[in-house]
Amino acid sequence: MTSLAETIGYIGLLEDEDIELDSAALALSSLDHEGRDIEPYLDQLRHISEAVEAACEQRLDEDLASGEAQGALLAEVIGETLGFAGDRDSYDAPLNADMIRVLDRRRGLPVSLSILYVAAARRMGWRSDALNTPSHVLVSIGPEGAPALIDPFNGGRLVTPEQLLALLEQVSGAGGWPSEVHVAPMSNRMTLVRLLLNQASRAEQAGDTIRAKALYERMTVMAPDHDAGWWELARLQLVHREVDAARASLGAMLEVTRDTERRAHIHAALVQLTTGGGSKKQRR
């Protein structure tokens, strides 16, 4: 059986800009499909990029320099021709954040579909990022200083400032005017972290803390500098009375955390674990 580190450990070693979002998401997905041949799914990712390239070649007489034009082409190819869209009927189903199942069904969450759009755009040499929009990931595409916003969940349609405001008001209430943090590009790792967070939160809501713990473990392997992943892993390890493992996770978190207040919380938690009890075996 292939280990977790062997399957996705390489992602944690890469520079962020060297991570290919769609193939990395596929590697994460493969952990839930032991023995599944992922080559056909890699072929599907290549096919998406090839279809976008072919559509560009058919439009040599059109100006595709603007974000609006690039977004419209992606929407036509990925949304209309290939049929990728948001799953409205079973939005909270875990399979919507599982890239293998997303490719099987051509349905997914905003974050999983955004990964497909961003990866295809970048292979065309276009500037594109998944954005840190709360609750509903959007995609920025186009030249720096004049990007367009598109919504892969809704077929890649253009998002106007008024629509963005309406989306933010759904989350933060009236007056939730867009700020920089709401439309900030996510790094490749943070995009993958958000994909895993979707799965982990749904698993925990369903009462499956073992599954949630496994997902946070993947997060720490794939994004070892993401301190919140270590904290959540330690929390769930304690739920399962894995005190020594939780202590190790908090120690790892301490290695990557520079925030003074957060470091104080970690030290306090470690002291409590040291003075309050040991591993399950030690408490017998």
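**Labels and their cut-offs**

Modeller: Let's start in helix α5 (residues 99–105), where D104 and R101 both sit, three residues apart, about one turn of the helix. Helices here are DSSP runs (H or I, at least four residues), numbered from the N terminus. Bear in mind that this is a predicted model: local features need pLDDT of at least 70, side-chain atom pairs count only at pLDDT 80 or more, and totals for chains, interfaces and linings use all residues. Residues are numbered from 1 along each chain as its sequence is written, and side-chain values use heavy atoms, with hydrogens and water left out.

Colleague: What makes the D104 and R101 pair a salt bridge?

Modeller: The term needs a side-chain nitrogen of Lys or Arg within 4 Å of a carboxyl oxygen of Asp or Glu. D104 and R101 come to 3.2 Å, N to O, so the pair qualifies.

Colleague: And why is D104 called partly exposed?

Modeller: Buried means under 20% relative accessible area, exposed means over 50%, and partly exposed is in between (1.4 Å probe, protein chains only). D104 has 36% relative accessibility, so partly exposed is the label. R101, with 26%, is partly exposed as well.

Colleague: How many salt bridges does a search of the whole structure find?

Modeller: The search finds 18. One of them joins R123 and D22, with the closest N and O atoms 2.7 Å apart. That pair links distant parts of the chain: R123 is in helix α6 (residues 110–123) and D22 is in helix α2 (residues 21–30), 101 residues apart. R123 and D22 also belong to a network of salt bridges with E20.

Colleague: Is D22 buried or exposed, and how do you know?

Modeller: D22 has a relative accessible area of 2%, so it counts as buried.

Colleague: What about E39 and R46?

Modeller: They form a salt bridge too, the closest N and O atoms being 2.7 Å apart. E39 is partly exposed with 38%, and R46 is partly exposed with 39%.

Colleague: Now to packing. How do you describe two packed helices?

Modeller: By the angle between their axes and the distance between the axes. The axes of α6 and helix α8 (residues 188–205) come within 10 Å and cross at roughly 155°. Axes are lines fitted to C-alpha atoms, for helices over the stretch in contact, and angles run from 0 to 180 degrees between N-to-C directions.

Colleague: Why is α6 called roughly antiparallel to α8?

Modeller: The crossing is at roughly 155°. Angles under 35 degrees count as roughly parallel, over 145 as roughly antiparallel, 65 to 115 as roughly perpendicular and the rest as oblique. So α6 is roughly antiparallel to α8.

Colleague: Which residues make the contact?

Modeller: On α6 they are V111, S112, I115 and R122, and on α8 they are N188, T191, L192, R194, L195 and N198. Contact means heavy atoms within 4.5 Å.

Colleague: What makes T209 buried?

Modeller: T209, in helix α9, has 18% relative accessibility, so it counts as buried. Not counting residues up to four places away in sequence, T209 touches E204, L236, V239 and H240.

Colleague: And where is L14?

Modeller: L14 is in the loop between α1 and α2. Its relative accessible area is 30%, so L14 is partly exposed. Leaving aside neighbours within four places in sequence, L14 is in contact with I19 and R189.

Notes
Helices (H or I, at least four residues) and strands (E, at least two) are DSSP runs, numbered from the N terminus.
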